[in-house]
Amino acid sequence: MATTTLEPQASAYRRSWVIDWLTTVDHKKIGILYIVNSFLFFFAAGILALVIRSELAVPGLQFVDQSTYNQAFTMHGTIMLFLFIIPALSGFGNYIVPLQLGAPDMAFPRINALSFWLLPLGGGLIFSGYLFGGAAAEGWTGYAPLTQQGGVGTDLWIIGLTLVGTASILGAVNFIATIFKMRAPGMTLFRMPIFVWTVLVTAVLILLATPVLAAGLIALFIDRNYGGSFFDPSVGGNPVLWQHIFWFFGHPEVYIVILPAMGVVSEILPVFSRKPLFGYRAFVFATIAIGLLSFSVWAHHMFTTGAVFLPFFSFMTALIAIPTGIKMFNWLATLWRGKLLLNTPMLFALGFLSMFLIGGISGVMLASPPIDFHMQDTYFVVAHLHYVFFGGSVFGVFAATYYWFPKMFGRKLNDRLGKVHFWMHFIGFNLAFFPMHQLGLSGMPRRVSDYSADTGWTILNFASTIGAFLIALSVIPFLINVIATFINGEPAGDDPWEGNTLEWATTSPPPPYNFDTLPPIHSERPLFFLTHGHGHSAERPSDLEETDEDDVERRDGIV
Amino acid sequence: MLIVFLLAGCLLPPEPKTDAGRDVFNLYIIVLVLAAIVFVAVEGFILYAVVRYRRKPGDETLPEQLHGNTTVEIIWTLIPTVIVFILFGFSMVTLAEVEARSEEPGATIQVDGFQWQWRFTYEEGVSETGTLDEPPTLYVPVGEPVRLILSSEDVNHAFFVPEFLIKRDLIRYADDSKDNEIEFTVTEAGTYAGQCAEFCGTSHAEMTFTVEALPRADYDAAIAGIASGETPPPTTAECEVTVEIKADNTQFDIDEFEVPAETAFCIEFENLEAVPHNVSIYDGGTNLFEGAFVNEPGTITYEVPALPAGDYTFICDAHPIDMVGDVTVTE
């Protein structure tokens, strides 16, 4: 029998770093590409947010006309959701999931590269409307039949979103295959880190929901260009059908955006509390329950259409508060009697808990149809969705950035600058978005470029604008921190945080193949186990042996 | 703290001006109280944990490794479950009240939305169409159920009056029978701002209107005013004294009336024929009050300023010979 010796491909020939990054299929490089790309879109959409807030600071149209304003909020919403939050969390998923599973890469590295490269292409197309007579201006929800009136920008928006959706679907397939087939020996499903669980449920949601959006977008494209009549009532279509299709995707999409951020927080809180996540299994089941329920609540976005059965959708929506409440209690119990280290990633994780709570509460309020009749399409909804997406997901993205930066680049971000960033971000966020609750209650509709001075909305709007600029300024300490850390950051070592999960068992940054050797995996905290066993006073190595064998059998049974 | 919150008027919708709005407001208060309890409890615990369990420098010991506790987890599954069921129960009760429909609404008004204004069409076939420069007024009678039929001529719009705590979409369907309807009873006469709440394109922000809630007589007069092409009279605040005059066959139905001195009063004038009539008051040759003409059968309410004691004449300006009467203003 002949023995073959493999030479690592990477060293076989030399190429420039540009070509290397453009052609890479390494999940870690692709993950970094995702994250960098996402932050670029974050800054672009952030500038659009400043345009919106500047215009609304005081009554009267001062800076932009109505049409420019409408393009600004449409692009802001579309870019923030589809090209910042979702890809940023996918980027962390790409980088971290194979490491946490003890795998050398994603299951399909080339598809992984494809699903990344579709993003700048799709995002570029969406933005390119500005070059062809104006970007899409129908809101990120693109309600029919208003979309019938849009210009070329609307077609570019449709095509761009379809590409971005395709990227998501490909990514989801890749994550599901990786998580089911690439786990290290001993890594049973119930020993997977919570972050992997949330990415798994997210991937399933993407796989089931995003094709529906893609189909809707294609139908819309046919309506606009080839005389279709899906959504246009003037030729017999039904505009409410578009809302059903959009929200059948759009509500699971909310969980696509929030679940991985919940996963990030569920990694960070235990590490910096030095405790396991309280109720790991309950948390997993709650995540699955949220995923399932998310497909039966879409019409709560449509209470005022008069075209949906209110009691059903109201009840199902309210039910989501139960698994979400369980998660909140799990996080709180994880803090209880812990030893909390309040560094920057932990602050962002705690910021997530306290801000997402507000978004969750206002969400339950909106689940009540009579209250929604008043609040729907007002600034209360704008406040609610920003407490979920920004107070939740974006805090999660920054928590992940501070937490995993040392693993990605071998250096720790400066904690003092990080705290400055956190507090500016936290105060700016609340100043920008809390007043919107009251604006909405007083009846200020969303998506208006102006309001009359005698409405009494000026003070709150002005405060909100100051908050928005404070958020924008908070980016400065963040960027300085990143640059300074690259130049002269504190070396991180393999495991700067005394982490629990496998990504901390390799070097920082990891080698292309990720691991030389893997520690034995007996729990969802293999690294903690390595140093502390179960963490109870007496180590009982004999137990470990037994568990190990049991687990191997169980793993064979599961997969 | 909660009471302070509520007293400060923070996080409250406007004082409701309809029956159903009052129900929604009361539901909102219940929900706000529940929300405030959850908010204070959770944020309080987070702050407590941050202060109480902060790691001391140099402390390398492990805290107790708690993985879970089934009893506790069952209890805290029940807490949100109970809250959710309470909320759902109250919501459904209120929903039934908001969606209740009367047999005979006091007025049924067709509301048409289009880019970017409104048209209000009353039962009398009278309609008013707004323009961006001059948004229209929706007249509704106070104290009677008002039904609105909402339809769109183009894209989606939404009818929203914050002080009524109600909103419903105007959607264009290929089949008109699916048009939305809402019903409410305004409890307080007054002027309320309304606005389109569903993004509908370029000038969405300017798609505003005003609701004028009037006592029945004033409402009828306002509709008649629109019908006659006249600007409807400004709302009567309160008419302490109202005189009713009818016109038919080019005759007034009365030839004298008496009102107190130095007191503004109202004349509720009903024209029963398709001949233009009005009511004006003269002191000899001096005009003291000139009422708007009613060209078609209809009613109008004139607000007449206070007059000093004395004897005056009331006349229809179109028929000063046939339609004359005496006004006595007494101390």
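**View 1. The largest nonpolar core of the predicted model has 264 residues.** Six residues have the most contacts inside this core: Ile85(A), Val265(A), Ile268(A), Ala349(A), Phe352(A) and Ala399(A). Helix α13 of chain A, residues 379-409, contributes the largest share of the core, with 21 residues.

**View 2. Ala349(A) and its contacts in the core.** Neighbours within four places in sequence are left aside. Ala349(A) then contacts Val265(A), Ile268(A), Leu269(A) and Ala399(A).

**View 3. The contact between chain A and chain B.** Chain A brings 74 residues to the contact, and chain B brings 68. On the chain B side, α2 (19-52), α3 (70-99), β6 (157-161) and β7 (166-170) each supply at least two residues. The most come from α3(B), which gives 14 residues. By residue class, the chain B side divides into 43 nonpolar, 14 polar and eleven charged.

**View 4. An open sheet of five strands in chain B.** The strand order is β4-β10-β9-β6-β7, and the pairing is mixed. β4 (137-141) and β7 of chain B stand at the edges. Each has a single partner strand, so one side of each is left without a neighbour in the sheet. Direction ignored, neighbouring strands are turned by 25° against each other on average.

**View 5. The pairing of β6(B) with β7(B).** These two strands pair in the antiparallel sense, over five bridges. Phe160(B) stands opposite Lys167(B) of β7(B).

**View 6. Helix α4 of chain B packed on the sheet.** The helix spans residues 216-227 and touches β4 and β10 (208-214) of chain B. Its direction makes about 145° with that of β4(B).

Key. Residues are numbered from 1 along each chain as its sequence is written. Chains are lettered from A and ligands numbered from 1 in the order in which they are written. This is a predicted model: local features need pLDDT of at least 70, side-chain atom pairs count only at pLDDT 80 or more; totals for chains, interfaces and linings use all residues. Two residues are in contact if their C-beta atoms, placed from the backbone, lie within 7 Å. Helices (H or I, at least four residues) and strands (E, at least two) are DSSP runs, numbered from the N terminus. Ala, Val, Leu, Ile, Met, Phe, Trp, Tyr, Cys and Pro count as nonpolar, Asp, Glu, Lys and Arg as charged, and the others, Gly among them, as polar. A nonpolar core is a set of buried Ala, Val, Leu, Ile, Met, Phe, Trp, Tyr and Cys residues joined through C-beta atoms within 7 Å. A residue is buried if 20 or more other C-beta atoms lie within 10 Å of its own, exposed if 12 or fewer, and partly exposed in between; C-beta atoms are placed from the backbone. Two strands pair if DSSP finds at least two bridges between them. Axes are lines fitted to C-alpha atoms, for helices over the stretch in contact, and angles run from 0 to 180 degrees between N-to-C directions.
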